[in-house]
Every structure is written in C-alpha cells, then in structure tokens.
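Subject: Handover of a structure and a summary of its features

Dear colleague,

Please find below the structure that I am handing over to you. After it, I set out what was found.

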Amino acid sequence: MKKEDKNAIIEELKGQLSEYANFYLTDIEGLNAEQTSELRRACFKNQIKLVVVKNTLLHKALETQNVDAQLFDCLKGNTALMLCNTGNAPAKLIKTFADKDKKNKNVKPALKAAFVEETTYVGADQLEFLTSIKSKNELIADLVALLQSPAKNVVSALQSGGSTLHGVLKTLGEREA
C-alpha cells in the first residue's frame, strides 16, 4: 500500500473518530460470511458503524485523539472498530451475539476495549458494565420523569379534592330538596 493511501485512510479514521462520541475495539476473526453479514445488518439497524481496520493505521489515528494509552495495547490481532453515538448500543449488540452462541467458548465479536463517555474500558470482562451504562437520552428521560412526578402528584391531589368537594356539595344540595 502506498504512503498516500495510508495517509488517506488515517485521515478518514480521524474524521470518523471525531464524528462519533464512542467507539469499541472488537475481534471478529473467525466469523463466517453469513455471521459477518448478520453482524453488519445488526450494526446498521442500531446506527453503529462497523469498520475493519489495520492496527497500525488505527494506532496512528488514535494518537491524535484524546484517548488513554491502554487502548494501544489492545491493537493486536484482528481488529474491528464499532463507532456509535449511543454509548451502550455496541455493548448490547455484542452481548446479543454472545447470547445466541453460548455453547461456543470463543464468542465473536469479542470486546477488546471501549472508549465510552470519555472513559476507557479494557477487556471482555467490562461488557456487562458497558451494557448497563445509560445513554444521554436515557438519563434525560429519567430526569424528566423525576421532575414530573411531584407535579403529577399535586395535580392529582387537586383533582381528587375537587371531585370530593363536588360530591359533598351535591349531597348537601339533594338533602335540602
């Protein structure tokens, strides 16, 4: 590969890394064509960009980003890059694939490392934790629900009090007649 081609790929990777807030380094070696196609379709459906990269080119692209040096140690063997703006989406996808093939000890795709919400996670043992991380939108929804709860209680109390008062007045009105 020519140096100009390598530089173009590095620049493209830099652009993709800056475009997406989160990325996962995974190992998809050993997947057959059917499994790879299924993985690519699932990534597309979940708005995850899947890119198979050369480790040296990704290393050079990551050097310009603000990432932990631990990620460089994970760039060995076959590496696929999962890019996404939702922090837990790739972890859930990897877990779904792992759950499909429980009998196989070498489940692919396998998590090598992840850079989620400006934090680095290294190792396949971090997958459970990464699936439980809430996205920004999920946190906002939880906050809105918490803020709405007291207001709903007040409105409910006022409405129930109004219907009670109406019932008392109606009873009093019927009694005099």
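In this model, which is predicted, Leu 169 is exposed, with a relative accessible area of 54%. Leu 169 belongs to helix α7, which covers residues 136-176. Together with Val 168 and Leu 172, Leu 169 forms a nonpolar patch on the surface, and the three have about 270 Å² of accessible area together.

I turn next to the chain as a whole. The chain has 177 residues, of which 34% are buried. Its secondary structure consists of seven helices and five strands, and in sequence order these follow the pattern α-β-α-β-α-α-β-α-β-β-α-α. Of the contacts with a separation of 6 or more, 77% are between residues 24 or more positions apart.

Which residues have the most contacts inside the largest nonpolar core? They are Tyr 24, Leu 39, Met 82, Leu 93 and Leu 130, in a core of 23 residues. Two or more residues of this core come from each of α2 (33-45), β3 (79-84), α5 (89-100), β4 and α6 (127-132). Helix α5 gives the most, with five residues. Another core, of 20 residues, lies apart from the largest one, and its members include Leu 62, Leu 81, Leu 83 and Ala 113.

Thr 26 deserves a separate mention. This residue is in strand β1 and is buried, with a relative accessible area of 0%. Leaving aside residues up to four places away in sequence, Thr 26 touches Asn 78, Thr 79, Ala 80, Met 82, Ile 94, Pro 109, Ala 110, Leu 111 and Lys 112. Among these neighbours is Met 82, which is also one of the residues with the most contacts inside the largest nonpolar core.

With regard to aromatic side chains, the structure holds two aromatic pairs. In one of them, the ring centres of Phe 23 and Phe 115 are 5.4 Å apart and the planes stand at 25°, so the pair counts as stacked. Phe 23 lies in strand β1 (residues 22-27) and Phe 115 in strand β4 (residues 110-116), so this pair ties together parts that are 92 residues apart in sequence. Both partners are shielded: Phe 23 is buried at a relative accessible area of 4%, and Phe 115 is buried at 11%. The other pair joins Tyr 121 and Phe 129 and is tilted, with 5.6 Å centre to centre and 45° between the planes. Here Tyr 121 counts as buried, at 13% relative accessibility, whereas Phe 129 is partly exposed, with a relative accessible area of 44%.

As for charged side chains, the count of salt bridges comes to two. How far apart in helix α1 are the residues Glu 11 and Lys 14? They are three residues apart in this helix (residues 3-19), so about one helical turn separates them. Lys 95 counts as partly exposed, at 26% relative accessibility.

Finally, I would draw your attention to two points in the backbone. Gln 47 has a positive phi of about 60° although it is not a glycine. This residue is in the loop between α2 and β2 (49-53). Is Gln 47 buried or exposed? With a relative accessibility of 66%, Gln 47 counts as exposed. Glu 118, also a residue other than glycine, has a positive phi, near 65°. Its place is in the loop between β4 and β5 (119-122), and at 73% relative accessibility Glu 118 counts as exposed.

With kind regards

How values were computed: Residues numbered from 1 in each chain as written. Predicted model: local features only at pLDDT ≥ 70, side-chain atom pairs only at ≥ 80, totals over all residues. Heavy atoms only, no water. Patch = residues over 30% accessible without salt bridge, like charges linked within 9 Å, V, L, I, M, F, W, Y side chains within 5 Å. Areas by Shrake-Rupley, 256 points an atom, 1.4 Å probe, with all protein chains shown as cover. Salt bridge = Lys/Arg side-chain N within 4 Å of Asp/Glu carboxyl O. Helix = DSSP H or I, 4+ residues; strand = E, 2+ residues; numbered from the N terminus. Buried < 20%, exposed > 50% of the residue type's maximum accessible area, 1.4 Å probe, protein only. Phe/Tyr/Trp six-rings, centres within 6.5 Å; stacked < 30°, edge-to-face > 60°. Core = buried A, V, L, I, M, F, W, Y, C linked by side-chain atoms within 4.5 Å. Contact = heavy atoms within 4.5 Å.
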